[in-house]
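Subject: Structure handover

Hello,

Here is the structure I promised you. Please open it alongside this note. My findings follow below.

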Amino acid sequence: MVFLLSFFLIFFMEFKNCNVFCWNVKGAGCNEFPSLIRDLKLKYRFQILVVIEPHISETSADKVRRKLGFVHNFLVEDEGFGYCLMWDDVFKISIINYDT
């Protein structure tokens, strides 16, 4: 499924045992972001969240992760792009290598 909401691209991918939600949000630091994602998480029951262009620091990403109920997060900060990956403890995800 692909949704277009207020010029933001949202992907929801359903795999056999895993749901992934990907959003090009261009700023995950706003106050409304955690409550919106919590509502979407309840509706779509995704276990992995990928936020593209989050424009947040590592400290802020960790606060957002805790508010959303995810156990792990990985943030790549980049002025032009960047992304943040958050996931539940039911998955073992290892970051082998990344580039900004």
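The largest nonpolar core has 19 residues. Phe-33, Ile-37, Phe-46 and Leu-49 have the most contacts inside it. A nonpolar core here is a set of buried Ala, Val, Leu, Ile, Met, Phe, Trp, Tyr and Cys residues joined through side-chain atoms within 4.5 Å. Buried means under 20% relative accessible area, exposed means over 50%, and partly exposed is in between (1.4 Å probe, protein chains only). Two or more residues of this core come from each of strand S3 (19–24), helix H1 (33–44), strand S4 (48–52), H2 and strand S6 (83–87). H1 gives the most, with four residues. A second, separate core has ten residues, among them Val-20, Cys-22, Val-50 and Ile-52.

This is a predicted model: local features need pLDDT of at least 70, side-chain atom pairs count only at pLDDT 80 or more, and totals for chains, interfaces and linings use all residues. Residues are numbered from 1 along each chain as its sequence is written, and side-chain values use heavy atoms, with hydrogens and water left out.

Overall picture

The protein has two helices and six strands. Along the sequence they follow the pattern β-β-β-α-β-α-β-β. Helices (H or I, at least four residues) and strands (E, at least two) are DSSP runs, numbered from the N terminus. Of the 100 residues, 41% count as buried. Among contacts with a separation of 6 or more, 47% are between residues 24 or more positions apart. Contact means heavy atoms within 4.5 Å.

Helix H1

H1 has twelve residues. From first C-alpha to last, H1 reaches 16 Å, close to the 16 Å expected at 1.5 Å a residue. The expected span is 1.5 Å times one less than the number of residues. Its buried residues are Phe-33, Pro-34, Ile-37, Leu-40, Lys-41 and Tyr-44. Why do they lie on the same side of H1? They cover an arc of only 125 degrees around the axis (directions from the helix axis to the C-beta atoms). The face turned away from the buried side carries the exposed residues Asp-39, Leu-42 and Lys-43. Just after H1, Arg-45 takes a positive phi of about 55 degrees.

Phe-33 deserves a look. Not counting residues up to four places away in sequence, Phe-33 touches Trp-23, Val-25, Ala-28, Val-51 and Val-64.

Aromatic pairs

The whole structure holds four aromatic pairs. Rings of Phe, Tyr and Trp (its six-membered ring) pair if their centres lie within 6.5 Å; planes under 30 degrees apart count as stacked, over 60 as edge-to-face and the rest as tilted. Phe-21 and Phe-46 are stacked, at 4.7 Å centre to centre and 15 degrees between the planes. This pair links distant parts of the chain: Phe-21 is in strand S3, Phe-46 is in the loop between H1 and S4, and they are 25 residues apart. Phe-21 is buried at 2% relative accessibility. Phe-46 is buried at 1%.

The rings of Trp-23 and Phe-33 have their centres 5.8 Å apart and their planes at 35 degrees, so this pair is tilted. Trp-23 is in strand S3 and Phe-33 in helix H1, ten residues apart. Both are buried. One aromatic cluster is formed by Phe-21, Tyr-44, Phe-46 and Phe-70.

Helix H2

Ala-61, Val-64, Arg-65 and Leu-68 are buried in H2. They cover an arc of only 105 degrees around the axis, which puts them on the same side of H2. Their cover includes H1, S4, strand S5 (72–76) and S6. The exposed residues Thr-59 and Lys-67 are on the face turned away from the buried side. Gly-69 follows H2, with a positive phi near 85 degrees.

Now Arg-65, in helix H2 (residues 58–68). Is Arg-65 buried or exposed? Arg-65 is buried, with a relative accessible area of 13%. Leaving aside neighbours within four places in sequence, Arg-65 is in contact with Phe-70, Val-71, His-72, Asn-73 and Met-86.

Over to you.

Best wishes
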